[in-house]
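Please read it with the sequence and the structure at hand.

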Amino acid sequence: MQNDTIKARGLQIYREVLVQLNAIHIDHLERKWIGISILIISLLVGIITLDAFFHGVNPPSKVETIDSASLHLSKEFAEENLGVQIDDKGNVVVRMVAGRYSFFPKHIDVPAETPITFRWVSMDVVHGVHIPMTNMSTMIVPGYVAEITTSFPKPGEYPLLCNEYCGLGHNHMWSNISVIEKEQWTSKQNAPASAPKGGSANE
Ligand SMILES: [Cu+2]
């Protein structure tokens, strides 16, 4: 019984709103565009909803999860594994950790004209990484590994900036990348293995 009165009241409000809406003068062309806008919005919201439910909407880059709280204990992102490394296939891989307010390690040397795979993780909040004048830009979402492969055509010093506001020290969050000639980099890489650290040149 009560349901019926609520229903009737609802219907009455609906009709009143319709009447009032009809009383407002809207130009024919304007009405048309309102319809088109609503249609476009519905289409976009529909696509996002479909993606969310059927394709699994994920953070950017490939989906690879990691426990941000225990990065230092993980095999890959333990302190001794950070920086530039060459994997079994000969690819240059850079592993870096972003945390308030720095990128670790603070400075790296990479070769020019070489595909470099960057793997980023965050130890706390969402960070971003951007290298101006290159296509290198990604979000670093805690719990995920962000991977980007890029190359630097010209040797030089490149800043590496955080472009996601991460707290009061955000504007101090940056590192440096030195891009050096390929041959020079290769000889530098091979040097520590043959010569002891500190570089004794007396032979
Ligand atoms: Cu930041």
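Gln 20 is exposed in this predicted model, because 9 other C-beta atoms lie within 10 Å of its own and a residue with 12 or fewer counts as exposed. The residue belongs to helix H1, which covers residues 2-23 and, with 22 residues, reaches 32 Å from its first C-alpha to its last, close to the 32 Å expected at 1.5 Å a residue. Between the C-alpha atoms of Gln 20 and Trp 174, which are 154 residues apart along the chain, the separation is 57 Å.

The whole chain can be considered next. The protein has three helices and 10 strands, and along the sequence they follow the pattern α-α-β-β-β-β-β-β-β-β-β-β-α. Its radius of gyration is 28 Å, well over the 17 Å that the globule rule gives for 203 residues, so the protein is more spread out than a compact globule. Along the principal axes, the C-alpha trace spans about 100 × 40 × 35 Å, and 17% of the 203 residues count as buried. The domain assignment gives domain 1 (2-55) and domain 2 (68-194), and the centres of these two domains, taken over C-alpha atoms, are separated by 49 Å. Among contacts between residues at least 6 apart in sequence, 61% join residues at least 24 apart.

Which residues of the largest nonpolar core touch the most other members? In this core of 26 residues, they are Met 96, Val 97, Ala 98, Trp 120, Val 121 and Ile 140.

| Element | Residues |
|---|---|
| Strand E2 | 92-99 |
| Strand E4 | 107-111 |
| Strand E5 | 116-122 |
| Strand E10 | 174-180 |

The largest share of the core, four residues, comes from E5. In soluble globular proteins, nonpolar side chains tend to be buried together.

Note on methods. Residues are numbered from 1 along each chain as its sequence is written. This is a predicted model: local features need pLDDT of at least 70, side-chain atom pairs count only at pLDDT 80 or more; totals for chains, interfaces and linings use all residues. Helices (H or I, at least four residues) and strands (E, at least two) are DSSP runs, numbered from the N terminus. The expected span of a helix is 1.5 Å times one less than its number of residues. Domain bounds come from an automatic or database domain assignment. The radius of gyration is taken over C-alpha atoms; the globule rule is 2.2 Å times the number of residues to the power 0.38. A residue is buried if 20 or more other C-beta atoms lie within 10 Å of its own, exposed if 12 or fewer, and partly exposed in between; C-beta atoms are placed from the backbone. Two residues are in contact if their C-beta atoms, placed from the backbone, lie within 7 Å. A nonpolar core is a set of buried Ala, Val, Leu, Ile, Met, Phe, Trp, Tyr and Cys residues joined through C-beta atoms within 7 Å.
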